[in-house]
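Hi,

Here is the structure I promised to pass on to you.

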Amino acid sequence: MPDPAIQADELVRQYKKGPRAVDGIDLAVQPGEIYGFLGPNGAGKSTTVHMLTTLLPPTSGSARVAGFDVVHQGAQVRMHIGAALQEAALDPLLTGREHLRLQASLQGIPRAERTKRSDELLGRVGLREAADRKVRGYSGGMKRRLDLALALVHRPEILFLDEPTTGLDIQSRTALWGEVSRLASEDGVTVFLTTQYLEEADVLADRVGIIDHGRIVAEGTPAALKAEVGRSTVEAIPADAADVERTATILDRFGELVPSTKGAAVRLEDGHVGLAEIVRALDHEGLRAENIQLHQPSLDDVFLAKTGRSLEGAGDEDEQGLAMESA
Amino acid sequence: MSAFADQVYVLGRRSVVRTVRQPANVVAPLLFPMLLLAVNSGGLKAETNLPGFPTNSFVAFALAVPFIQGALFATMNTGTDLARDIQTGFLNRLTLTPMRGIALLCGQLGGVVVLSLVQAAVYLGVGLITGVRIASGPAGVLTLFAFAALVGLAFGALGAFAALRTGSGEAVQSLFPAFFVFLFISSMNIPRNLIEVTWFRDAATANPVSYLLECVRSLIITGWDGEALALGFGIASVVAIVALVASSWALRVRMARS
C-alpha cells in the first residue's frame with residue numbers, strides 16, 4: 001500500500017483559555033481517496049484542516065501531508081496542497097479572472113501559462129461568462145466555484161475543502177459534488193472534505209470520519225458504518241387496523257420485530273432480503289397494506305449510535321450549551 | 001523578473017486596482033485636502049500681513065498641508081485594506097501560496113506610494129494653477145514628489161502595522177482622529193515662530209508633523225533649506241523604517257504558518 005497522502009497521529013489543538021478543539025485525532029487518507037470529515041458545528045473539523053494545511057500549529061501530535069511534516073516542512077506541504085477554506089476568501093473588488101491570475105502568479109506559474117490556466121479553470125467551474133465581473137456581484141455558488149478553481153491553480157495533489165457547500169442551493173451543491181468527484185476519479189486528487197451534511201458525506205466520500213468534541217468517534221466507508229449500527233428495517237401499515245397482529249406475524253419471518261406506532265416493523269435479518277419478498281408474503285396472505293416503507297440506516301444513525309445525539313442540530317445544541325455556560 | 005519581484009508587482013497592482021475601484025479612496029484624499037486648503041486660504045489670508053510671515057501667498061504656505069493630509073488617508077486605506085484581507089480570510093489564501101510575507105507588504109505599500117505620487121501631482125497642479133511658484137525650481141518639484149512618496153510609505157506602513165496587529169478595520173479607522181490631532185497641533189496654519197501661546201508653540205515644536213510640513217514648505221517658499229530638508233526627510237525616514245520593521249514583524253506573527 002502506498003504511503004498515506006494525509007496522516008495524523010494523536011493530533012491535538014488546545015486553545016489558550018479555551019476548549020481542546022481537537023483532542024487526539026488519528027487518521028490516514030490514501031492517495032486518490034475522498035475522505036469525508038463529518039461532524040456538527042464546533043466539532044473540530046476546521047481546526048483540523050487548519051493544522052493539516054499548516055495554518056495553525058498543533059499543540060501536540062504530528063501530521064504528514066504529501067509525505068511532509070506539517071510543522072517542520074510547511075513550505076513543502078503547501079506546494080502540494082490546495083485549500084478552499086470555510087469562508088470563500090475572495091476580494092470583492094477583483095474579477096474572477098483577476099483572482100486566478102493573481103493566484104497563478106503567487107503560485108509561481110510561468111507568465112506564459114497563466115492566461116491559459118486561468119481560462120481552463122474558469123471553464124471547468126462554469127464561470128467563463130462571469131470571469132470579468134467583480135466578485136462582489138457573484139452568488140454564493142459562484143464564489144464557492146471560484147474558490148475551488150483558485151485552490152486548483154497549481155494542480156495540487158491534495159485538496160482540502162472545508163464545508164464547501166454550506167449555504168449553497170441544491171443546484172450549486174450538486175455541481176460542486178460533480179466537480180469534486182471528477183477531480184478524484186479522473187485527476188487522482190486526494191480530497192479531504194469537511195461537512196456537516198450527511199448526504200454530502202454519503203454521496204461523495206469513499207470513507208468517512210465522524211468527529212465529535214474533537215475526537216473521531218467512527219471511521220469507515222459509509223456502507224460499513226451504516227451496517228455497523230444496524231440492518232434495514234421494514235415497516236408495514238395495514239389498510240385495516242385490525243390486521244396489525246397478522247401483519248406482525250408475517251413480518252416476523254424476515255427478522256426481529258421492532259416497535260412501530262401504526263403498524264408492524266421488522267429489522268431484517270438477512271441483508272439480501274428485499275422489500276419485494278415482504279410485499280409478496282403480505283399479498284399471499286391477502287393482507288392489504290396502506291403503506292410499506294424500507295428504512296435504511298443513515299450516517300445520522302451512526303452518529304446517534306456513537307454519541308447518543310442526532311447530528312442534525314447537534315452543533316446548535318453545543319453552541320446553546322456554550323452560550324448558557326458563558327451567560 | 002524574479003519570483004519575488006513578480007510577487008511584489010502583482011500585489012502592488014492589486015493594491016492600485018482596489019484603490020481605483022473604490023472611488024471614495026481616490027476622491028477623499030484629493031478633495032478634502034483641497035477643500036481645507038480653499039477654506040484656510042480664504043479665512044486665514046490675513047496672516048500674511050503678520051511681521052515675519054514667510055510669504056505673501058497663504059496658498060503657497062498652506063499647500064504643504066495636503067501632502068500630509070493625503071498621507072493620513074494613505075494610512076487609513078492601507079490599514080483598512082489589509083484588515084479586510086485578514087477578516088475575509090484572503091490573507092490565509094495568500095499564506096497558503098509560496099508568497100513571501102515581505103512581498104505582500106512591499107506590494108501593498110508600493111500601491112500607496114503610487115497613489116501618493118498621483119496625489120502630489122494633483123496638489124502641486126492646483127497650487128501652480130492658483131499662482132504658487134515653487135522656489136526650489138524643477139529639482140524641488142522632483143524632491144517634493146520623492147518626499148510625498150516617502151511620507152506615504154511611512155504613514156502607509158503605520159496603517160499596515162495597526163491592521164496586522166489588530167486585524168480590525170475599525171481599529172485602524174480609530175487612528176484617524178489621533179493622527180488629525182497631531183496635524184492640528186503642528187505648524188499647520190501658522191509658522192512656529194509666530195505662535196504666541198507658549199504651550200501650543202512647545203507642542204508644535206515637539207510634534208514631528210511640524211517638520212514634515214516645514215520640509216514641504218521650504219521647497220515651495222524658501223528654496224533649498226538644508227536644515228528643513230534634513231529634518232523632514234530624517235523624520236519621515238525614521239518613521240518609515242520603524243513602521244516597516246514593526247509591520248514586518250506583525251506580518252510574520254500574523255502569517256505564523258509552520
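**Helix pair in chain A**

The crossing of α5(A) and α6(A) is right-handed (the near helix is turned clockwise from the far one by less than a right angle). Helices here are DSSP runs of H or I with at least four residues, numbered from the N terminus. In the contact, α5(A) supplies A:Gly141, A:Arg144, A:Arg145 and A:Leu148, while α6(A) supplies A:Ser172, A:Leu176 and A:Glu179; contact means C-beta atoms, placed from the backbone, within 7 Å.

Please keep in mind that this is a predicted model, with local features needing pLDDT of at least 70, side-chain atom pairs counting only at pLDDT 80 or more, and totals for chains, interfaces and linings using all residues. Residues are numbered from 1 along each chain as its sequence is written, and chains are lettered from A and ligands numbered from 1 in the order in which they are written.

**Core**

The largest nonpolar core has 147 residues (buried Ala, Val, Leu, Ile, Met, Phe, Trp, Tyr and Cys joined through C-beta atoms within 7 Å; buried means 20 or more other C-beta atoms within 10 Å of a residue's own). Helix α7 of chain B (residues 137-166) provides the largest share, 15 residues. A:Leu193, among those with the most contacts inside this core, touches residues including A:Ile34, A:Phe37, A:Val180 and A:Leu204.

**Where the chains meet**

Chain A places 22 residues in contact with 21 of chain B. On the chain A side, α2(A) gives the most, with four residues.

Enjoy exploring!

Notes. Helices (H or I, at least four residues) and strands (E, at least two) are DSSP runs, numbered from the N terminus. Two residues are in contact if their C-beta atoms, placed from the backbone, lie within 7 Å. A residue is buried if 20 or more other C-beta atoms lie within 10 Å of its own, exposed if 12 or fewer, and partly exposed in between; C-beta atoms are placed from the backbone. Lists of a residue's contacts leave out its neighbours within four places in sequence.
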